[in-house]
Amino acid sequence: MIYWELFLAFFLPGILGYGGGPATIPLIEYEVVHRYNWMTVEEFGEVLALGNALPGPIATKMAGYIGYAEAGIPGMIAALTATIAPSLILMIALVGLLMKFRDSPKVKQLSAAVRPTIAVLLGAMTIRFLETAYEGSGALHTVLIAGVSFYLLEKRSVHPVWVILGALLYGALFLGG
Amino acid sequence: MARSQPTDGKKLQRQLFAGFFRVGMLGYGGGPASIPLIQKEAVDTYQWMDEEEFADILAIGNTLPGPIATKMAGYIGWRKAGALGMANAIAASVVPTVILMVILLVSLASFREYSWVQGMTQGVLPVVAVMLGVLTWSFLKKASVSMGGTAAAGLAVVSAVLIEWLGLHPAFLIAALILIVLGRRSRT
């Protein structure tokens, strides 16, 4: 059943993603692209790019859109609930207990311990996107767009919206043939 | 913490909505980037709590998994105005941007057969790769600061082998790591 699958697909990233929304992105990709085959890598990339160009938390934008695309408004609600509710319920229920441990180094180890794994998942996703770009538009365009956007984003601190709009325009003009 | 009086309940709900709506619409770079905006609304603009309290809540939010922005919105809404406040604050921070996403992507999809739209999809892939690459690097850097370079590299290699080559679902690995850390805690 699609609603249950949507719930599961976003429940796991929500409950395992230490480090906020961005840490859940590779987990979401794993479920959406590899496990349930709702989207191809390209489609997921497009959704992620537009999500990054828009304001607001990224995990809920992804969940909301993918839920909607797969099963309309109820699908959107299922995916959003799965993303938001579990960790929020934990927080409200355990806030007193957690208050005692908030400065404990052991608690900090929790998000530290999963960081290398999240990094590997993010790295693998990076490679998949580069591969897909290379297959679709060749080495020259891929390296050019990646190089220019890295320079603009990281060295010149240009806002991601402009870089993504620029890449969309470049793609429409030069990669559409 | 006392809930607000029923007389100013409506005003509080309006403020919760306005505050978290601004957070949602102005926060670029995902939930963690919107934390300073939440602090500004909760501590400075509406004085729902003082700075110290906010720091406590943020620290607790960070010990739990999942998106941080909705945990903060939900918890602050719940504390100030009960279940309705919670739903209100979450809706304000999530719904507008989800609607924007749906409108944009659905209208883009209706042009899908045009080759220039397919070109747009292609053009944006390397940018996504760069953003993910930067995110990867920041996670690696933070990992090596908090647990030492050797341990971080070792864990990264083990994760890569298990997930990418042996096809293990990442959930098992992350759950195992969490259990190991928690298990260690009970001994000390």
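A helix, as the word is used here, is a DSSP run of H or I that covers at least four residues. With that in mind, select residues 77-98 of chain A in this predicted model: the span is 100% helix and 0% strand, and its end C-alpha atoms lie 29 Å apart. The UniProt record, an unreviewed entry, places the feature "transmembrane region" at these residues of chain A, and also at 110-130 and 160-176. Select residues 160-176 of chain A next, where the chain is 88% helix and 0% strand and where the end C-alpha atoms are 22 Å apart.

The C-alpha trace spans about 55 × 40 × 25 Å along its principal axes, and 56% of the 177 residues in chain A are buried. Of the contacts in chain A with a separation of 6 or more, 54% are between residues 24 or more positions apart.

Bring chain B into view and turn to the contact between the two chains, which takes 91 residues from chain A and 79 residues from chain B. On the side of chain A that touches chain B, at least two residues each are supplied by α1 (2-16), α2 (21-35), α3 (41-53), α4 (58-101), α5 (105-155) and α6 (160-174). Coloured by class, the side of chain A that touches chain B shows 57 nonpolar, 27 polar and seven charged residues.

The next stop is the largest nonpolar core, which has 106 residues; those with the most contacts inside it are A:Ala79, B:Val124, B:Val127, B:Val128 and B:Ala129. The helix that gives the most to this core is α4(A), with 17 residues.

Finally, centre the view on B:Ala129, which touches A:Thr126, A:Phe129, A:Leu130, A:Ala133 and A:Ala146.

Terms used: Residues numbered from 1 in each chain as written. Chains lettered and ligands numbered in written order. Predicted model: local features only at pLDDT ≥ 70, side-chain atom pairs only at ≥ 80, totals over all residues. Contact = placed C-beta atoms within 7 Å. Nonpolar A, V, L, I, M, F, W, Y, C, P; charged D, E, K, R; others polar. Core = buried A, V, L, I, M, F, W, Y, C linked by C-beta atoms within 7 Å. Buried ≥ 20, exposed ≤ 12 C-beta atoms within 10 Å, placed from the backbone. UniProt positions renumbered as here; feature names shortened; annotations may be inferred. Lists of a residue's contacts leave out its neighbours within four places in sequence.
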